[in-house]
Amino acid sequence: FFFSSRRRHTRSSLVSWARRCVQETGINAEYMGIMDKKRKGNWADTRGKGKKKKEGGEEEDEYEGYVFEPNEKQNKLLEEYYRLQLKDVLPEAEYQQMLQALREPLPISFRICPTPPRYHVLCKLFSSPDCFSQILKILPQLITDPPEKPLPEEEKEIKNFAVKMLEFYPGKVLYQLGLSRHELKKSKGLFRNAHKFIQICTDCGLLNRQEVVSMLPPLILDVKPGMKVLDMCASPGSKTSQLLEKCFGDFRQHHDLKSDATKNGMVIANDADKSRAFMLTHQLQRFDTASMIVFNHDGQNFPSLYYPKNQEAGKGYDSRYFFDRVLCDVPCSSDAAIRKIPMKWKNWCTGAGFGLHPLQTKLLM
């Protein structure tokens, strides 16, 4: 009860502070009217907006399968809010370019797992100009139904369509398609064959579908083989799989049982939500290693770990277990994922970020 009442007090304070900031910055009455309208109901959490109940009691997305037109991707509140946040660092012309980029669909990207011994064969396939023709030859061996034939309107498009390799990622294992997730899912003909092939490779653990921007934090951490790494908010596990690749890549390729990766390497993945922790376990099963633990614990109260007695900690030494790297991708309002979640153009409000800020602070402390 004490925690609940304090939480209400905190949100009330945030509302007052937000309104005072808005008034001081001189935003017009129309902006304030939009903000008040957005705040009706459970303003601090927009995850329930745009959803309705299925027959079994499950929630479904009201906008699932709906294609947002460019003129529908407008939100005065969002545009004015970020214009004020970025006015000192981003000129108006560049800000408009950023908004235009946010209205474009997010292309599909995937990373080939470098731990299988012959992963370079898959890299060669996606790097070849005629990769779709090669997929057509391989697919009959993987599925029972015959592959779909290219549609007449695809004939010219396919010649100019290629899988793009993003060279900034080490190992030449990061690729990008020229289609969004919705376009690939609803496609027919040759692109549907590519969709099936990518799904099969994902289920087998040969590649991971992941956004390019999501791959940057594990890359910047500079994880080395043999390190002990904690992923504090790990689900769904894309970044965790990257950390595992970095920790055990050398061992998987060279099978050196005396390497640092074999002796000391370890990744602990934690998520506070039980269902997401189960999903995390399912996703990481594709990575065959015993040096991984999945926790289901509140990140802000994550317990200290200790070595067993008489092991790694003699008399007078600190017996706590320390990590070489910690990755904490805290829960957020997902504003930067608006290309992937276009319904945020409809229900965005400032409350989502303010409501999560106390939790973000506790996780980082």
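Because the model is predicted, local features require a pLDDT of at least 70 and side-chain atom pairs count only at pLDDT 80 or more, whereas totals for chains, interfaces and linings use all residues. Residues are numbered from 1 along each chain as its sequence is written, and side-chain values use heavy atoms, with hydrogens and water left out.

The protein contains 15 helices and 10 strands, where helices (H or I, at least four residues) and strands (E, at least two) are DSSP runs numbered from the N terminus. Of its 365 residues, 36% are buried; buried denotes a relative accessible area under 20%, exposed one over 50%, and partly exposed a value in between (1.4 Å probe, protein chains only). Among contacts (heavy atoms within 4.5 Å) with a separation of 6 or more, 72% involve residues 24 or more positions apart.

Side chains of opposite charge can pair when their charged atoms come close. With a salt bridge defined as a side-chain nitrogen of Lys or Arg within 4 Å of a carboxyl oxygen of Asp or Glu, the count comes to nine. One of them joins Lys-340 to Glu-211, with the closest N and O atoms 2.6 Å apart. Lys-340 lies in the loop between strand S10 (325-327) and helix H14 (344-347), and Glu-211 in the loop between strand S6 (207-209) and helix H10 (216-221), so the pair ties together parts that are 129 residues apart in sequence. Lys-340 is partly exposed, at a relative accessible area of 35%, and Glu-211 is partly exposed at 23%.

A further salt bridge is formed by the side chains of Asp-222 and Lys-224, with an N to O distance of 3.2 Å. Asp-222 is partly exposed, with a relative accessible area of 39%, and Lys-224 is likewise partly exposed, at 42%.

Asp-271 and Arg-276 also meet through their side chains in a salt bridge, at 3.7 Å from N to O. Here Asp-271 is buried, with a relative accessible area of 7%, while Arg-276 is partly exposed at 35% relative accessibility.
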